[in-house]
Amino acid sequence: MRTGFSNPMTKLSVKQQLLLLFLLMVSPIFILHSYGNSEAEQILKRHVTNAYAELNKQNHTLIDRDIDTVNKITTTIIQNPTAQQLVPDDDETVIERVRKYEKMDALLAGYSTALNGGEAVYYSLYIYDPNNYYFFAPKVQMIQSGVYFFSDANKPKWFDKAVGLKGQGFMEIIENNDMLVKKRTLAYIRAVNTVSQGHSVIGVLIATNMDKKLAESMQSVSLPGGEIFFTDKQNYILASTSPKTMGSTVELPVTASGEAESLNKPIMTSEYIYMASDNELLQQRLIYKIPIKSLLQQQNEVKRVIQLISVAYILFGCIVIFYFWRSLMTPLQRLATFVRRYEPGKRVPETPGKGRNDEVGVLIGALYDMARRLNGLIHDKYQMEIKQRESQLQILYQQINPHLLYNTLESIYWKSSLEGNSESAEMIKELSKLMKISLSRGRELITLAEELEHAAAYVKLQQKRYDYDFRVIWAVPEEMMNHLIPKVTLQPLIENAIIHGVKNMGEDGEIHINAEYEGDKLLIRVEDNGYKEVDHKAIESLLNEPAAQSSSGYGVKNIHQRLQLHFGNVYGIQYKKRNGGGTIVTIQLPAAGERKELGDV
């Protein structure tokens, strides 16, 4: 029976491995001196080629990032409401079209600016306007960015190709006008579709000056006398450090059969080194062309540097081995012993070597602390599982009684209605509404319309129960009714307004419930004109305490905490004194909390 390969290094101690490693590190130095003169050129070529191959990949990543940035900007422009509304329509007035044109032109100009002194990318939008609705806009490109409308007579050559790709961007060398002077430029072209109807085309967005932008990224790499080409898979040059080569094809060495050699790996000839990295997704390639002559001029200098490095390397290796031997091996061996013997849950001894501040000390301390934290996590997880099961049982018990009570109230309501006790039936009906909305099918967040219905049922129930004569004025706009709010938020606040505000005021008592937007917040206010003095500072202090110190104010504290748990600490409730007497309670909700579909929650 064959056994798996056994690494002989594992049979040696760490000290023996370090000694062997030192010998392996020193031995190549002597070999390098022996064969240096005959092999120096090839070694130099190989090492430099590998370095530039890695640099080529990094440079290609930088270029891909520039292209991705342009793609994201075009996506932002396409999704902008200004671009989405710029569709020729005979129902619009000329003034409306002029305003849309100016807004879109300003939007494109805003993105067509250079950052940090680099090259700018200029964005232009071409829109098909056969009916000449935008007759006042330029039909021919005058400057490098802007909005242009065209008909069949002057349709750009690349327009149909962009539309056919259905919103997918591509790069192409096009003729571009700059102050009526035609220039060739690399452009990123992408169709602009409507967001609501993806098949409907508004126009085509192009980003020009990409050749200079990409050349800027390529020029960040210094090649000694070499050139950099950004091409497609057929080696057609889209951008280059030599602008005159744009639009031509990179000439590669040919094989014995007369075919061009493949760039899957670096190509070395007697004059040049060629290397490339490919982006298979975008079908693009970055090619380095480096003259060998410029590399060999540094050969003698490199040889001298290698000799100096060899001597320093040997001395440094001796010092490192000695340091490892004396300072690191003993604590690492103790640490290995602890790791082998450690069992989760077992008591962890005192951390050794607390006085060390180096990496070994940090590693030892971290492992010992990790073991302690693991023990703590095991204990905490066990306790958490117990509490979680208790909480689940408690929730199940709490759901039984409210459902039973709601169903019973419904039965009593129908029986009272049939017996002619209309007033009692109405009170039972309002109470059943309170129960129904409080249950809300297990949802924590309900719509503002449901919450207002719940609060209105509570007010009617209180007025019928105690014959209160106070008035409640509801002023919540219809468009806010779909906003989400934690259930049973308004009822406790209205209850406080009744008990501590308008309870004994008769017809003079008033409670106002209104709502409005303020910035990115939806503010719902519960106001009363009560005459009693209220300590608003004490209430605010109660709301801001980490935990309530007494049972007073529990309902208000509960509402405040639930709002912050759902939406964040910037939301909640605030109390302040009302001009003319009374109190204003403001509920702060996110304005973006509207529920589009009732099934979302």
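Q: In what order do the five strands of the open sheet with E1 to E5 lie?
A: This is a predicted model, where local features need pLDDT of at least 70, side-chain atom pairs count only at pLDDT 80 or more, and totals for chains, interfaces and linings use all residues. Residues are numbered from 1 along each chain as its sequence is written, and side-chain values use heavy atoms, leaving out hydrogens and water. Strands (E, at least two residues) and helices (H or I, at least four) are DSSP runs numbered from the N terminus, and two strands pair if DSSP finds at least two bridges between them. Pairing here is mixed, and the order is E2-E1-E5-E4-E3.

Q: Which strands are the edges of this sheet?
A: An edge strand here pairs on one side only. The two are E2 (146-150) and E3 (170-178).

Q: Which residue of E5 is the bridge partner of Ser124?
A: E1 (residues 122-128) and E5 (residues 201-208) run antiparallel, with six bridges. The partner of Ser124 is Ile206.

Q: At what angle does helix H3 run to E2?
A: Axes are lines fitted to C-alpha atoms, for helices over the stretch in contact (heavy atoms within 4.5 Å). Angles run from 0 to 180 degrees between N-to-C directions. H3 (residues 94-111) lies across E1, E2 and E5, and its angle to E2 is about 130 degrees.

Q: Which residue in E14 stands opposite Ile473?
A: Another open sheet of five strands has the order E12-E14-E15-E17-E16. Its strands E12 and E14 (residues 510-518) are parallel, joined by five bridges. Opposite Ile473 stands His512.
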